[in-house]
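Morning, everyone. I have one chain to walk through today.

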Amino acid sequence: MDPKNVACCEERSKSLRARYIYAIIFFIINLTAWFIRDYGHSVFPPTYYKEACGTTGHDCFHTLGVLRVSLGCFIFFFLMFLTTFIARKLYEACSKWHSGWWKLKFFLLLASMVVPFFIPPGFIHIYGEVARVGAGYSLIFLLLQLISVIEFIRWWNKYWSPDEQSNQRSCSIALFTSTVFYGVSICGIVSMYYFYAPRPACSLNIFFITWTALLLIVMMVISLHSKVNRGLLSSGIMASYVVFLCWSAIRSEPVDEKCNVQKPDNGKFDWTTVLGFLIAIGAIVMATFSTGIDSKSFQFNKNNVKLEDDIRYNYGFFHMIFSLGAMYFAMLFISWNLNDSATEWSIDVGWASAGVKIINEWVAATIYTWKLVSPVVKQYRVVNNEQTMQP
C-alpha cells in the first residue's frame, strides 16, 4: 500500500474519533453548568474571587454561574474555530491540531473555564445579552432535525414499503410498523389531553393538542388519497414526530402555569422530571453534534468530489456550531431570563422555547404535506401545459 494513503487513512480515523471526544466534552460542560446552577452555592466552599462573585458568591452561581460556564465553553470552541477553519487537507498542521494534542487542549479548556469566574458581573450580563442572539440558531437545529426526519422517512418508506414484487412478510412488517407509529401517536394525544388539559380553562393546551390531532388526520387522509397513494408508513412516522414536538412544547411552558404538571410539589421532583431533564441535555448535545458535522446543508454546491487527503467535515464550521451551542444551552438552563434563576432540575422552560417548538411542529407538518401533494401538483401543471400547447 502507498504510505501516503496509509497516513491519510490514519489521520481520517483520528478526525472522525475527535468528533465524539468534542461531543463528550460539550456534554460534561452541560452537566457542569447544571451543577453550578442548582448545587454550586451549597457544595463549593467560599474560596471564590469576591470581586467577581460578590461577598456571598451569588454572582458565580445560579444564572450568572451558568453564563460563566457558557462563556468558558464559548471561548474554548471559538479558539478551536480560529485555529482550524482554514484546514482543508488531512496532513495540514491545523488538521492535526483538531485531531490531536489532547493534553495541551485539556489545559486550554481548563483555562477557558476558569477565566470567566474572575470577570466582573457586568461583563457577564453583556455576554448574556449576546448569548440571546447567538442562541437564535436553535431554529437551524430544529430545521436540520426536520430534514433528518424527512430523510429517515424517505429511507424507511423505500426500504419497507411494499410494491408489486414485495413478499407478504414485507407487507406485514410495513403494516405492523405503521400501526405502531399511529398507535403511539394516538396514545400521545390522549395522554396530553389527560395530563396537560384536565380542565376547560386550559384553552391554550387544548388548542395545541387539538390542532396536532387535526394535523395527524390531514396527513393521513392525504397520504391515503388515490392520487397520492403513499400508504400509512411515512405519515405514521411523521405523525409521531409531530406529536413529540407538541408534547415537548407543552413541557416547555413555565412551571407556574396551572395546566403544567411539572410544577414541583414541596420541592420534590419525580422521576419524570429527572428523565425529561436528562433527555433534554442529550437532545442539546445530539443537535449540536449533528449540526456541526452537517456543513453540507449550508453549501450551495454539494457536488464537490472529495479527494483521498481531504478532510471529511469542515472543522471550522464544527467548532463554530459548538461555540454557538454554548450560548444555546445557557439560554435553556436559565429559561432565557437573565434576572431570575430557574428552578432545580428544569431546562428548556419558557414561552420562547414553547413557541419555537410549536412553530416548528406546524412547519414540519406543512413541509411534509407539500412533499405529498407536490408530485400531483406538478403532474397537473404538465398536463395543463400540454393541453394548452395542442392546437
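First, a term: contact means heavy atoms within 4.5 Å. Two ground rules as well. This is a predicted model, with residues numbered from 1 along each chain as its sequence is written, and local features need pLDDT of at least 70, side-chain atom pairs count only at pLDDT 80 or more, while totals for chains, interfaces and linings use all residues. Side-chain values use heavy atoms, leaving out hydrogens and water.

Now the overall layout. The chain has 14 helices and zero strands. Helices (H or I, at least four residues) and strands (E, at least two) are DSSP runs, numbered from the N terminus. Of the 391 residues, 44% count as buried. Buried means under 20% relative accessible area, exposed means over 50%, and partly exposed is in between, with a 1.4 Å probe and protein chains only. Take the contacts with a separation of 6 or more: residues 24 or more positions apart account for 79% of them. The chain exposes about 21,400 Å², and carbon and sulfur atoms supply 67% of that. Those areas come from the Shrake-Rupley method with a 1.4 Å probe; for residues, only the protein chains shown count as cover.

Next, Glu361. Where is it? Glu361 sits in helix α14, residues 351–389. A salt bridge is a side-chain nitrogen of Lys or Arg within 4 Å of a carboxyl oxygen of Asp or Glu.

Which residues make the nonpolar patch? Leu204, Phe207, Trp211, Leu214, Ile217, Val221 and Trp351 do, over about 660 Å². Patches are made of residues with over 30% relative accessible area and no salt bridge; like charges are joined within 9 Å, nonpolar side chains (Val, Leu, Ile, Met, Phe, Trp, Tyr) within 5 Å. Helix α10, residues 203–224, gives the most to this patch, with six residues. Ile217 is in helix α10. Ile217 counts as partly exposed because its relative accessible area is 45%.

Two serines now. Ser112 belongs to helix α6, residues 102–114. Ser112 counts as buried because its relative accessible area is 4%. Its side chain reaches the backbone oxygen of Leu108 at 2.8 Å. Beyond residues up to four places away in sequence, Ser112 touches Gly72, Ile75, Phe76 and Leu79.

Ser95 is in helix α5, residues 93–99. Ser95 has a relative accessible area of 0%, so it is buried. Ser95 and Arg12 are 83 residues apart in sequence, but 9.6 Å apart in space, C-alpha to C-alpha. Leaving out neighbours within four places in sequence, the contacts of Ser95 include Ile311 and Tyr315.

Last one: Ala18, in helix α1, residues 3–38. Buried or exposed? Buried, because its relative accessible area is 1%. Ala18 and Gly100 are 82 residues apart in sequence and 7.9 Å apart in space, C-alpha to C-alpha. Not counting residues up to four places away in sequence, Ala18 touches His98, Ser99, Trp102 and Tyr313.

Definitions and conventions:
A polar contact is a pair of N or O atoms within 3.5 Å; within protein, one must be able to donate a hydrogen and the other to accept it, and residues adjacent in sequence count only if both atoms are side-chain atoms.
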